[in-house]
Amino acid sequence: MLAGCTPSDAGTRALTAQGSSAPSGSTSQPSSPGQPGATGQAIPGQPAPAPSIPSSTAPGETTSPTDATPTPDGDSSGAATPGQGDGTPSGNPSPSGTEEPPTTPQKPATQSPSAGKAQRAGKVNCAKTKCVALTFDDGPGPYTQRVLNDLTSANARATFFVVGTQVKAHPQLVKNSVAAGMEVGNHSWDHPNLERLSMAQVRREFSLVDEQIESLTGVRPTFVRPPEGALAKAQKQALGRPLAYWAVDTLDWKTRNTRTTIEAASKAKPGDIVLMHDIHGQTAAAVPQIIKNLQAKGYHLVTMSELIGAHPKNGIGYGWGKRP
Ligand code: NI
């Protein structure tokens with residue numbers, strides 16, 4: 001089973017503290033503080049993530065998480081039809097199970113004409129109209145292009161919180177995401193439990209992916225989302241980045257059920273951030289109906305930067321209790 005993004009207990013505590021300063025009295029909370037199986041997660045003492053991208057300055061480090069447990073996605077949905085164009089083999093999209101030895105350096109930054117578009121706030125004024133931010137974690141993967149296509153055809157946008165090892169495997173999908181007007185957020189290099197890492201390691205988990213995304217798209221991620229939502233309060237402050245949590249946890253990683261994912265996401269309220277995972281076929285299959293349901297209620301489906309605005313605050317955990 002792939003680890004989901006349900007907050008760990010520690011992450012929930014951090015969110016609780018964060019939420020206490022909520023300006024709007026939101027009562028929406030992550031519904032499950034239980035820790036999912038942390039297959040493939042970091043273990044204490046695990047070395048820093050593999051610096052296998054060209055921007056790395058430490059080429060001699062180890063390149064593979066020692067505890068990675070390749071886990072078939074298990075998506076057997078016949079409706080799941082990966083439509084990506086980067087020739088990525090289907091199969092295991094586990095963020096921590098697909099690391100490969102360093103190969104040829106990635107191309108230098110290729111500035112897309114639309115680069116930067118995704119992260120400009122202001123397309124929709126979410127202070128004046130109803131917005132929901134759909135977010136997809138742990139990709140890109142075999143279903144990402146399908147989600148992109150469905151979002152685009154519905155004039156909807158979303159934010160993809162990508163994992164560095166997955167980006168390395170599917171670089172074209174990140175370019176496609178930005179080209180389609182989506183936002184790309186930073187979900188760490190290899191999805192460890194950041195609370196078990198030093199601050200230097202935490203910074204590296206995010207800086208590697210910042211550089212990777214900027215190199216591919218010309219856009220540097222604004223928001224970071226800690227794996228499992230786990231990041232201690234002191235770490236949040238030390239990191240000094242806007243943090244993206246969520247208000248609606250669809251638990252799609254757990255249920256692997258299209259219907260329940262649709263039901264959960266469709267309950268979003270104005271200003272909510274909805275957590276899903278585009279590495280699951282059942283989730284991809286749910287996206288068109290989720291879009292229909294929310295748009296029928298008058299929601300604009302926007303990126304994180306559109307939802308939060310042009311100047312998100314560092315150290316703030318947006319999502320639960322933090323609304324524009
Ligand atoms: Ni995740």
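The model is predicted, so local features need pLDDT of at least 70 and side-chain atom pairs count only at pLDDT 80 or more, while totals for chains, interfaces and linings use all residues. Residues are numbered from 1 along each chain as its sequence is written, and side-chain values use heavy atoms, with hydrogens and water left out.

**The cores**

A nonpolar core here is a set of buried Ala, Val, Leu, Ile, Met, Phe, Trp, Tyr and Cys residues joined through side-chain atoms within 4.5 Å; buried means under 20% relative accessible area, exposed over 50%, and partly exposed in between (1.4 Å probe, protein chains only). The largest such core has 36 residues, and L134, F136, L151 and F160 touch the most other members. Among the elements giving two or more residues to this core are β1 (131-137), α2 (144-153), β2 (158-162) and α9 (281-296). Helices (H or I, at least four residues) and strands (E, at least two) are DSSP runs, numbered from the N terminus. The largest share, 6 residues, comes from α9.

Leaving aside residues up to four places away in sequence, L134 touches partners including L151, V274, I291 and V302. A contact means heavy atoms within 4.5 Å. There is also a second, separate core of 25 residues, with F161, W246, V302 and I308 among its members.

In α2, the buried residues are T144, Q145, R146, V147, L148 and L151. Their cover includes β1, β2, α4 and α9. After α2 comes N155, with a positive phi near 55 degrees.

The axes of α2 and α9 are 9 Å apart and meet at an angle of about 5 degrees. Axes are lines fitted to C-alpha atoms, for helices over the stretch in contact, and angles run from 0 to 180 degrees between N-to-C directions. The two helices, α2 and α9, are therefore roughly parallel, a label for angles under 35 degrees. From α2, the contact uses R146, V147, D150 and L151, and from α9 it uses G281, A284, A285, V287, P288 and I291.

**N257 in its loop**

N257 sits in the loop between α7 (252-255) and α8. Because its relative accessibility is 27%, N257 counts as partly exposed.

| From | To | Distance |
|---|---|---|
| N257 side chain, polar atom | R259 backbone nitrogen | 2.9 Å |
| N257 side chain | T260 backbone nitrogen | 2.9 Å |
| N257 C-alpha | A285 C-alpha | 9.3 Å |

N257 and A285 are 28 residues apart along the chain.

Terms used: Polar contact = N/O pair within 3.5 Å; in protein donor to acceptor, adjacent residues only side chain to side chain. Parallel < 35°, antiparallel > 145°, perpendicular 65-115°, else oblique.
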